[in-house]
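Dear colleague,

Please find below the structure that I am handing over to you.

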2 protein chains.
Amino acid sequence: MQALEGIRVLDLTHALAGPFCTYHLQLLGAEVLKIERPSVGDDFRDFARVPGWEVSPSFIAVNGGKRSVTVNLKDPQGQAIVQRLAASCDVVVENLRPGAANELHLGWDDLRRVNPRLVYCSVSGFGQSGDMSRWPAYDHTIQAMAGMSWTGGDDDVPSQGRAFSVDCFTGYVAFAQILGALVRRERSGEGQYLDVAMLDASLVLLAVGSVRQLITGDNSSATQPIVHDRPTVAPYRTTDGWIWLSANFQNQWEALCRVLEAPELLSDARFTDPRARGSHSAELKSELARRLAHRSAAELEGQLMAAGCPAAKVRTTRDVLQMPVLRERGMLQSAAVPGRAEPVVLVNAGFVADQDGPALQRGVPALGADTDAVLGEAGYSENEIADLRGRGTI
Amino acid sequence: MQALEGIRVLDLTHALAGPFCTYHLQLLGAEVLKIERPSVGDDFRDFARVPGWEVSPSFIAVNGGKRSVTVNLKDPQGQAIVQRLAASCDVVVENLRPGAANELHLGWDDLRRVNPRLVYCSVSGFGQSGDMSRWPAYDHTIQAMAGMSWTGGDDDVPSQGRAFSVDCFTGYVAFAQILGALVRRERSGEGQYLDVAMLDASLVLLAVGSVRQLITGDNSSATQPIVHDRPTVAPYRTTDGWIWLSANFQNQWEALCRVLEAPELLSDARFTDPRARGSHSAELKSELARRLAHRSAAELEGQLMAAGCPAAKVRTTRDVLQMPVLRERGMLQSAAVPGRAEPVVLVNAGFVADQDGPALQRGVPALGADTDAVLGEAGYSENEIADLRGRGTI
């Protein structure tokens with residue numbers, strides 16, 4: 001069995017961090033009931049949509065495998081539906097504005113009365129209490145706040161880092177800690193409430209740089225791009241793009257010279273050890289640049305790696321997704337999407353297991369595709385379902 | 001009880017990704033037995049060490065709370081010790097060169113014979129099998145390979161992103177999936193083998209951009225820094241550093257004008273709606289820059305956030321670590337370190353629980369500090385321990 005086979009997740013999330021969390025729960029076998037607004041759905045269905053596509057790439061990327069159930073949470077009858085679903089669920093995840101779940105009678109205190117073994121996780125920008133809890137939060141404003149946008153000097157224009165990295169990592173922290181709470185529940189029988197926030201999560205990935213900063217007192221950033229002044233650890237242009245060399249140690253330097261068929265570099269007194277190479281940095285850089293300009297990065301990568309010198313062809317996203325090893329290891333998988341004849345390729349859970357590994361259970365759901373089935377399973381009759389639909393509750 | 005109270009982890013990792021994983025297991029209450037080479041220990045004890053400190057910041061950041069046990073894994077008697085410890089452990093994590101654990105008789109097949117309920121996780125650059133498995137892997141070469149270093153054009157010099165982000169995230173994937181395997185073990189009684197790789201893990205955090213790229217066919221990078229051409233979503237200089245504004249929507253724009261006490265901007269026909277603001281981008285940028293230059297980012301942040309306009313003071317790492325909310329939420333904690341009278345501050349697990357949340361059980365261990373105690377608990381007599389020490393096995 002997969003880790004979460006038979007585990008049901010009530011998913012009250014929208015946009016990115018929350019859905020990223022429940023996507024990963026699904027990949028481990030959980031059944032995810034994605035609650036969406038009738039007619040409208042998760043705003044991300046429309047966010048930066050591509051012409052010819054019913055739903056946006058951002059939505060597709062993080063909602064595969066879920067069941068879509070439309071419920072109007074502002075309607076007391078809608079709230080009653082969700083409360084009934086919570087009774088048969090193991091996990092609730094929500095990323096509404098802090099306080100909103102309580103106002104809707106769908107907070108931790110409401111739902112654990114229905115189901116004391118519930119693991120309930122709230123995801124927000126700054127946590128569920130305190131002055132900052134109502135502050136709005138976007139991925140890039142949290143990046144700026146958390147030290148990720150600082151570029152090294154008071155006069156340097158800050159920059160926004162990788163797209164959605166804080167959102168996605170926050171969702172991943174929620175995913176991991178829900179698993180932790182499920183381990184605890186299996187061992188103690190008790191549910192747990194988890195309060196996951198973007199600002200807190202961003203610090204986790206920066207822990208190493210932060211501790212260094214705390215110890216040295218150096219007022220820089222844990223996330224500043226690293227500038228290497230060593231020509232043996234640097235990108236070089238080749239005939240087919242850039243190659244990033246990383247010949248830190250003597251044996252790696254020797255492997256590099258061997259692969260470049262450059263015994264003259266190896267025997268050159270200016271480059272004989274790290275100290276010497278450091279003292280003749282500019283000369284070495286131009287020697288390497290000249291030799292690498294006529295080589296192929298794609299070929300060199302394999303040759304250098306096999307010889308023990310870390311090196312990588314600098315890839316675009318398209319390039320990396322075409323690497324055969326990713327398909328061989330099951331890191332990509334197909335999923336049907338609404339309104340398209342051809343399936344799309346989604347990123348899987350990022351690991352391999354000896355058995356019962358991660359997998360999508362189904363495609364990306366059309367809005368409300370599973371409303372009737374899920375309500376039927378929860379005991380609503382066909383007449384009740386028709387009535388709820390007539391009132392706009394579902 | 002904490003989620004992993006009573007769970008024992010046999011930690012055969014060094015450097016960064018592996019120790020980052022077991023650090024997080026420890027924060028949830030697991031007992032982590034960190035196996036280190038006699039006399040030398042984990043190489044990271046020394047990596048970029050700061051004068052006056054016995055162990056490096058990088059080691060301190062990810063090894064708090066663990067017990068250090070010295071064992072020579074090349075010595076058959078050392079292997080026997082680890083095999084005996086594995087019998088009483090729930091989890092094994094290793095990031096040796098692929099194949100090395102088997103050569104040392106400490107692989108999954110060796111240890112599950114001793115303990116069939118074991119969750120065993122291997123962490124590597126490219127996975128445990130196939131041609132690439134022996135390739136060396138550094139954080140920044142994986143960044144280059146995975147599309148994180150590409151800066152947008154064939155002629156643009158690639159750049160290395162945030163320090164150790166791939167290493168740390170890979171460790172975090174291992175952490176999460178070990179929790180998943182523990183949920184599975186509690187429910188099925190079975191152990192599991194997990195093969196976690198840096199290249200695979202890097203893709204997980206890039207899933208949104210990757211899917212967009214796959215769908216649009218656009219040959220760019222999922223990780224390229226985003227350049228905003230809208231003056232309402234941009235960094236501005238103030239009297240005390242930069243503020244990053246993010247007034248995407250009309251209500252946010254109105255909040256911005258209100259906080260800036262600039263009704264003339266709000267009523268200006270050039271800036272009346274997103275389309276108009278887009279057509280007068282340069283003028284708006286200079287209007288905003290002029291007004292913001294005389295304001296304080298620290299004050300504006302709170303005023304704008306409270307008014308509903310996302311905005312953040314651009315912080316350095318030092319700045320963010322001083323935010324009171326992080327201490328209030330328990331995101332930072334003190335730990336003793338070898339050779340220092342004063343404790344250091346470490347980053348906690350990045351979430352809050354209603355009870356039994358994350359915590360360090362002890363400080364950062366001196367090399368071999370727990371060898372005698374752990375071997376004693378495993379049934380070795382004082383004489384045997386003395387003998388093993390005399391032979392250099394421990």
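Predicted model: local features only at pLDDT ≥ 70, side-chain atom pairs only at ≥ 80, totals over all residues.

**Chain A as a whole**

Chain A contains 18 helices and twelve strands. Along the principal axes, its C-alpha atoms fill a box of roughly 85 × 50 × 45 Å. Of its 394 residues, 56% count as buried. When contacts in chain A between residues at least 6 apart in sequence are considered, 68% of them join residues at least 24 apart.

**How the two chains are related**

The same surface serves both copies, since 100% of the contact residues of chain B recur in chain A.

**The contact between the chains**

Chain B brings 113 residues to the contact, and chain A brings 113 residues. On the side of chain B that touches chain A, helix α7(B) gives the most, with 17 residues. The residues of that side divide into 69 nonpolar, 29 polar and 15 charged.

Strand pairing also crosses from one chain to the other. Strand β12 of chain A (residues 352-353) is joined by two bridges to strand β6 of chain B (residues 192-197), and the two run antiparallel. Within this pairing, A:A353 has B:L194 in β6(B) as its bridge partner.

**Helix α7 of chain B**

Helix α7(B) covers residues 165-188, which is 24 residues. After the helix comes B:G189, which has a positive phi, near 80 degrees.

**The three-stranded sheet in chain B**

Chain B holds an open sheet of three strands in the order β7-β8-β9, with antiparallel pairing. Its edge strands are β7 (233-238) and β9 (311-313), each of which pairs on one side only. On average, neighbouring strands of this sheet are turned by 20 degrees against each other, direction ignored.

Strands β7(B) and β8(B), the latter formed by residues 241-246, run antiparallel and are joined by six bridges. Here B:Y236 stands opposite B:I243 in β8(B). Helix α13 of chain B (residues 281-292) packs on the sheet and touches β7 and β8 of that chain. The direction of α13 makes about 35 degrees with that of β7(B).

**The corresponding strands in chain A**

In chain A, β7 (residues 233-238) pairs with β8(A) in the antiparallel sense over six bridges. A hairpin through two residues joins β7(A) to β8(A). The bridge partner of A:Y236 in β8(A) is A:I243.

Strand β8(A) also pairs with β9 of chain A (residues 311-313), in the antiparallel sense and over three bridges. In that pairing, A:W244 has A:A312 in β9(A) as its bridge partner.

With kind regards

Terms used: Residues numbered from 1 in each chain as written. Chains lettered and ligands numbered in written order. Helix = DSSP H or I, 4+ residues; strand = E, 2+ residues; numbered from the N terminus. Expected span 1.5 Å × (residues − 1). Pairing = 2+ DSSP bridges. Axes fitted to C-alpha atoms, helices over the stretch in contact; angles between N-to-C directions. Contact = placed C-beta atoms within 7 Å. Nonpolar A, V, L, I, M, F, W, Y, C, P; charged D, E, K, R; others polar. Buried ≥ 20, exposed ≤ 12 C-beta atoms within 10 Å, placed from the backbone.
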